[in-house]
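Biologist: I am new to reading structures. Could you show me one and take my questions?

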Amino acid sequence: MTSALELREVRKQFGRTEIIRGVNLDIAKGERHALIGPNGAGKSTTFNLISGRIAPTSGSVKLNGFDIGGLPPYKINRMGLSRSFQVTNIFHRLSVFENLRCAVLWALGYRYSFWHRLEQLRDARERAEAVLELIGLQGRHDTPAGLLTYAEQRALEIGITIAGGAEVILLDEPTAGMSRSESDHAVELIRRVTVGKTLVMVEHDMSVVFGLADRISVLVYGEVIATDTPQAIRNNRRVKEAYLGTTLDEATGAH
Ligand SMILES: Nc1ncnc2c1ncn2[C@@H]1O[C@H](COP(=O)(O)OP(=O)(O)OP(=O)(O)O)[C@@H](O)[C@H]1O
Ligand SMILES: [Mg+2]
C-alpha cells in the first residue's frame with residue numbers, strides 16, 4: 001500500500017553545514033508517528049522539508065505517492081497535508097470561532113469558485129463550529145484568542161491545523177510548556193482529532209510520545225538512527241546511547 005508520507009535519502013544543507021543527512025521515513029496511512037531526538041537534531045527542519053517551507057538539497061518527499069519535494073506550502077496543503085508550528089500561530093485579536101473560520105475559509109478557498117461564496121460562508125461556519133466542538137472550546141466561542149489560557153491556545157492551534165480537513169497532520173511539540181494534567185488532556189484531544197488520519201508529531205514529552213505513537217523515529221544529528229514500535233525503541237541500544245542511557249527509561253516510567 002502507498003505510504004501517506006515517504007522520505008528517501010533527504011538531505012538539507014544550510015550554507016556548508018548539512019543539517020539533514022540522508023533521512024528515510026515511511027509513514028503508513030492512519031499511523032500515529034512520533035519524531036523524537038535531542039535539541040537541534042533537525043526535527044523542525046524535517047517538518048519544514050515535508051511541508052514545503054524549505055526545499056530539500058537532494059532526495060525525495062512523497063505524499064500519498066506524489067512527489068512534493070520543492071512544492072510551495074500551499075500546494076502541499078491543498079494535497080491534504082497540514083502542520084502546526086512549534087511557536088503558536090493564532091490571531092490574538094480574533095475570537096476563537098473567527099480563528100477557526102479563517103482556517104476553514106483558507107482551505108475551502110481553493111475548492112470553491114467565486115460564484116459559490118454564500119454557500120462557502122455557510123459551509124465554513126458549520127465546519128468551524130464542528131471543529132470548535134471537537135477541540136472542546138465551545139464555551140470560548142467569542143473569546144479573543146489572546147485571552148485564552150496557554151493550553152487552550154494550543155488546543156485552538158490544533159483546531160486550526162485540522163480545520164481544513166487535511167488527512168496528514170504534522171504537529172510540532174503540541175504539549176510544549178504544559179503541565180502534566182494539561183498534556184494528558186492534550187493527548188486525548190490529539191487522539192480524538194486524528195481518528196482516521198495520519199499523524200506525525202515532534203514531541204519531547206516521552207509520556208505523550210509513548211501514549212500516542214504507533215511507531216517512533218529517533219533523529220540524531222540529522223540522521224534517523226531507529227524507527228520502530230515504542231517498546232522496541234525503549235530497548236534500542238543506539239537510542240539509549242543517544243539519550244545518555246537513562247532519560248528514556250525515566251521519562252517513560254520503565255525500570
Ligand atoms: N534556516 C536555517 N538556516 C541555518 N540553520 C538552520 C536553519 N534552520 C535550522 N537550522 C539549524 O538546523 C539545526 C536543526 O534545527 P531544528 O530546528 O530542526 O532542530 P529541532 O530538532 O527541531 O530542535 P528543537 O528540539 O530544539 O526544536 C539547528 O542547528 C539549527 O540551528
Ligand atoms: Mg524543533
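Modeller: Start with one pair: the side chains of Asp172 and Ser44 make a polar contact. This is a predicted model, where local features need pLDDT of at least 70, side-chain atom pairs count only at pLDDT 80 or more, and totals for chains, interfaces and linings use all residues. Residues are numbered from 1 along each chain as its sequence is written, chains are lettered from A and ligands numbered from 1 in the order in which they are written, and side-chain values use heavy atoms, without hydrogens and water.

Biologist: What is the distance in the polar contact between Asp172 and Ser44?

Modeller: A polar contact is a pair of N or O atoms within 3.5 Å; within protein, one must be able to donate a hydrogen and the other to accept it, and residues adjacent in sequence count only if both atoms are side-chain atoms. For Asp172 and Ser44 the value is 2.7 Å.

Biologist: Is Asp172 buried or exposed?

Modeller: Buried means under 20% relative accessible area, exposed over 50%, partly exposed in between (1.4 Å probe, protein chains only). Asp172 has a relative accessible area of 1%, so it is buried.

Biologist: Which strand holds Asp172?

Modeller: Strands (E, at least two residues) and helices (H or I, at least four) are DSSP runs, numbered from the N terminus. The protein has 10 helices and 10 strands. The strand of residues 168-172 includes Asp172; its name is β7.

Biologist: What share of the 255 residues is buried?

Modeller: The same cut-off applies here, under 20%. Of the 255 residues, the buried share is 47%.
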